[in-house]
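Student: I would like to go through this structure with you and check each label against its cut-offs. Could we take the terms one by one?

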Amino acid sequence: MKLNCKRIDFTYTPGEEIFNFPEESGLPFIFDVEEELTGDPAAMDAVGEMLDETEKLAEKAKAAIKAALADEDSRYHSVVTFFMEFHRDDVGPDIAAELFPGTDPAKLSFAEMVDFLKLKRFGSLVDDEMNQQVFIMDLSFNPEITDELMVIYFDLNQEIFCITHES
């Protein structure tokens, strides 16, 4: 089947998982979709629509991270603060300098650090708790240096419903 997407010309096999690295898909990030969804045309239409919006969604994710950093009452404040502290203060000055080129990492605010996050992976799966299709976005400072990720979950309405830190 052909994915209904303006961004890329992509063919997939219904019922088989999609897991493509950038050199396979032509996208600048890993693209994956659970096999349960590839057999559902409506779910795959949603994948195509969301894939066309990934950069906009990444900006929305970054704005949500910044908002969580600024709001100590946010349920995500401690998660995003820990993630930023780790990458600025705990990795060592040489690694921090690689993660934030052209800056003095010690002088970067956490909010400024968010602008260095890059989209590493975008995909779709069925959330077990919600029993519905969701979209997952992994943001990383530099996956060649660190495997720590800010993971953002979106619902079908492009609304963020979870932010977490994974490695």
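Student: Why is D138 called buried?

Tutor: Buried means under 20% relative accessible area, exposed over 50%, and partly exposed in between, with a 1.4 Å probe and protein chains only. D138 has 5% relative accessibility, so D138 counts as buried. Bear in mind that this is a predicted model, where local features need pLDDT of at least 70 and side-chain atom pairs count only at pLDDT 80 or more, while totals for chains, interfaces and linings use all residues. Residues are numbered from 1 along each chain as its sequence is written, and side-chain values use heavy atoms, with hydrogens and water left out.

Student: What makes R121 and D138 a salt bridge?

Tutor: The term asks for a side-chain nitrogen of Lys or Arg within 4 Å of a carboxyl oxygen of Asp or Glu. In this pair the closest N and O atoms are 2.7 Å apart, and R121 and D138 form a salt bridge. R121 lies in strand β3 and D138 in strand β4, so the pair ties together parts 17 residues apart in sequence. Helices (H or I, at least four residues) and strands (E, at least two) are DSSP runs, numbered from the N terminus.

Student: What links D32 to R121 and D138?

Tutor: A network of salt bridges links D32, R121 and D138. Between D32 and R121 the closest N and O atoms are 3.0 Å apart. That pair joins distant parts of the chain, with D32 in strand β2 (residues 30-33) and R121 in strand β3, 89 residues apart. D32 has 10% relative accessibility, so D32 is buried; R121, at 17%, is buried as well.

Student: Are R88 and D89 buried or partly exposed?

Tutor: R88 has 21% relative accessibility and so counts as partly exposed. D89 is partly exposed too, with a relative accessible area of 44%. Their salt bridge has its closest N and O atoms 2.8 Å apart.

Student: Why is the pair of F19 and F21 called edge-to-face?

Tutor: Rings of Phe, Tyr and Trp (its six-membered ring) pair if their centres lie within 6.5 Å; planes under 30 degrees apart are stacked, over 60 edge-to-face, and the rest tilted. The centres of F19 and F21 are 5.4 Å apart and the planes stand at 80°, so the pair is edge-to-face. F122 and F135, by contrast, are stacked, at 6.1 Å centre to centre and 10° between the planes. F122 belongs to strand β3 (residues 118-127) and F135 to strand β4 (residues 132-140), so the pair ties together parts 13 residues apart in sequence.

Student: How do you know that the buried residues of α4 line one face?

Tutor: Those buried residues include L57, A61, I65 and L69. Down the axis of α4, the buried residues fall within an arc of 160°, so they line one face of the helix. The arc is that of the directions from the helix axis to the C-beta atoms.

Student: Which residues have the most contacts inside the largest nonpolar core?

Tutor: They are I65, M84 and M137, in a core of 49 residues. Helix α4 gives the most to this core, with 7 residues. A nonpolar core is a set of buried Ala, Val, Leu, Ile, Met, Phe, Trp, Tyr and Cys residues joined through side-chain atoms within 4.5 Å.
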